[in-house]
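Dear colleague,

Please find below the structure that I am handing over to you. My notes on what was found in it follow directly after it.

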Amino acid sequence: MSGPQRTEHPPPRAVHLGLGAFHRAHQAWYTQRANDARVPADGAVNGAVNDDGPWGIVAFTGRTPDAALRLSAQDGVYTLAERSADGDRTETVQSIVRAVPGSDDRAWLAAVADPEVSVLTVTVTETGYRPGSGPPERIARALAARRAAGAGPLAVVSCDNLLGNGRVLRDAVLARAGTDAGWIADAVSFVDTVVDRITPATTPADIDAVRALTGLDDPAAVVTEPFSEWVLAGAFPAGRPAWEAGGARFVPDVRPYEERKLWLLNAAHSYLAAAGRLAGCDTIAEAFAVPSLRAATEALWADHRAVIDLPPGEVDAWLDALRVRFDNPRIAHRLDQIRRDSTAKIPVRLLAPLTRRETAGLGAGDAQHAALDAWIASLLTLEPTDAADAALARELDALAPSERRNAVIARLTPEGTPA
C-alpha cells in the first residue's frame with residue numbers, strides 16, 4: 001500500500017507558518033475546498049470570486065521539523081478523516097504543495113518574498129505572541145525580504161486563539177521591523193480571525209483507522225471533528241482563495257465571535273483540562289460525561305455568555321452544537337494536550353471574561369472563580385507541561401491558599417481587557 005497521490009498541482013500562492021495537525025484540518029482544508037469549487041473569473045462562490053486559478057500553500061513548521069518531513073515524503077498530500085459519533089469519512093487534501101522545516105531560513109525568506117504569494121497564514125499558538133518569542137521576528141524579517149524584492153502587498157492572517165489576534169500580531173511584528181516598519185504598516189494587512197475545529201494529535205491508532213478506511217498508508221493523516229468555523233475581518237490587498245466555499249464568513253468585526261469561541265469553547269476546555277485531569281479523566285468527552293464537571297461547565301458558560309455581544313438565539317444554537325462536540329466519544333481530545341502552555345491561555349479564556357463581567361457591573365461569577373481555583377489546583381498537583389506553568393506553580397505554592405486566586409488575577413489579567 002502507498003500513501004495518497006497528488007492529482008492536481010496548484011501553484012504556490014500562500015505561505016503558512018506553524019505547520020501541524022490544526023493547520024491541515026483547518027486553513028489547508030478550507031483552501032482545498034476553495035480549489036475544488038473554482039469558477040471562472042466572472043463567476044462566484046457564495047458571493048466571492050475565486051479569480052485566477054487554484055491556490056497552493058508552502059507550509060513551514062514551527063518548533064520541530066517532523067510534520068514537514070512526513071508530508072514531504074508524500075508530496076504534501078494527506079488524508080483528512082472527519083470523525084463523528086456515527087462514523088468516519090475521509091477526503092484527500094492537496095493544497096499544501098511544499099512542506100519545509102522551520103529551520104530552513106533561506107526557504108522561509110524566499111517564500112514570503114515571492115511576488116506570486118498573496119497570503120501568509122499563521123498558527124503558532126498563544127505562546128508565539130509573548131514578548132521575546134520568535135515568530136514575530138521571523139515574520140518581520142520575511143516581510144523585509146519581500147519589500148527588498150519589490151514583491152508588493154500581502155495579507156497576514158493570524159489563526160491563533162487570541163482576542164484581536166491580527167492586531168496583536170501586527171503590533172508584535174512592527175515592534176521588530178526596524179526601518180521596514182513604515183512599509184509594513186502601509187503595504188501589509190493583518191487580518192483578525194476566529195478559528196475553530198477540534199483536532200487532537202494524531203495517534204498510531206488513527207493511522208491504522210485511516211488505513212482500514214482507505215487502504216492507504218498515510219503517516220501524515222489528520223483526524224478531526226465534522227464541525228469547523230472560520231470568521232475573518234480585514235483586507236486582502238493581493239487577493240485570497242474563496243474560502244467561503246468551505247463555509248468561512250467575512251464580517252466587519254470578529255470580536256463578538258472571538259469572545260464567543262474563547263469564552264465558551266476554549267474556557268471550557270481549560271477548565272475541563274484542569275478539573276478533568278484532577279478527577280482522573282484523559283479526554284474532553286470523558287470529563288464532560290462526569291455529572292459534576294458537566295454542571296460546572298454549564299455554570300461557567302452561563303457566567304460567560306452574559307457578556308457576549310451576540311443575539312441570545314445565536315449563542316443558544318452555538319452551545320447546542322458545542323455540547324454535541326464535547327459529547328463526541330470518538331474525538332479523543334486529550335486533556336494533557338490542552339493543558340500545555342496554560343499560563344498563556346488562561347488570561348484570554350478565563351480572566352478576560354471575568355474582567356468584562358466586573359466592568360459591566362455584574363461581578364465575577366461563582367463558576368468563574370471555581371474554574372480558576374481548579375486550574376490553580378492542577379498547577380500545584382499535576383506534573384507541569386512546560387516551564388512557565390512550573391514557575392507559576394512554585395510562586396503560588398509559596399502563598400497561602402486564600403491568596404492564590406487574587407495573585408493569579410493580578411498577574412495574568414491581560415491589559416486592555418475592559419475596552
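**The 253-361 region and its helices**

Over residues 253-361, the chain is 76% helix and 0% strand, with end C-alpha atoms 25 Å apart. Helices (H or I, at least four residues) and strands (E, at least two) are DSSP runs, numbered from the N terminus. For this stretch an unreviewed UniProt entry lists "domain: Mannitol dehydrogenase C-terminal"; UniProt positions follow the numbering used here, feature names are shortened, and annotations may be inferred rather than shown by experiment.

Please note that this is a predicted model, in which local features need pLDDT of at least 70, side-chain atom pairs count only at pLDDT 80 or more, and totals for chains, interfaces and linings use all residues. Residues are numbered from 1 along each chain as its sequence is written, and side-chain values use heavy atoms, leaving out hydrogens and water.

Helix 12 covers residues 312-327. An α-helix has 3.6 residues a turn, so residues three or four places apart point the same way.

Eight strands form an open sheet of mixed pairing, in the order 5-2-1-6-7-8-10-11. Two strands pair if DSSP finds at least two bridges between them. Strand 5 (96-100) and strand 11 (249-250) are the edge strands, each pairing on one side only. Strand 1 and strand 6 run parallel, joined by four bridges, and V15 has L120 of strand 6 as its bridge partner. Helix 5 (residues 134-149) packs on this sheet, its direction making about 155° with that of strand 1. Axes are lines fitted to C-alpha atoms, for helices over the stretch in contact, and angles run from 0 to 180 degrees between N-to-C directions.

An open sheet of three strands has the order 4-3-9, also with mixed pairing. Helix 8 (residues 204-214) lies across strand 3, strand 4 and strand 9.

Yours sincerely

Methods:
Contact means heavy atoms within 4.5 Å. The expected span of a helix is 1.5 Å times one less than its number of residues.
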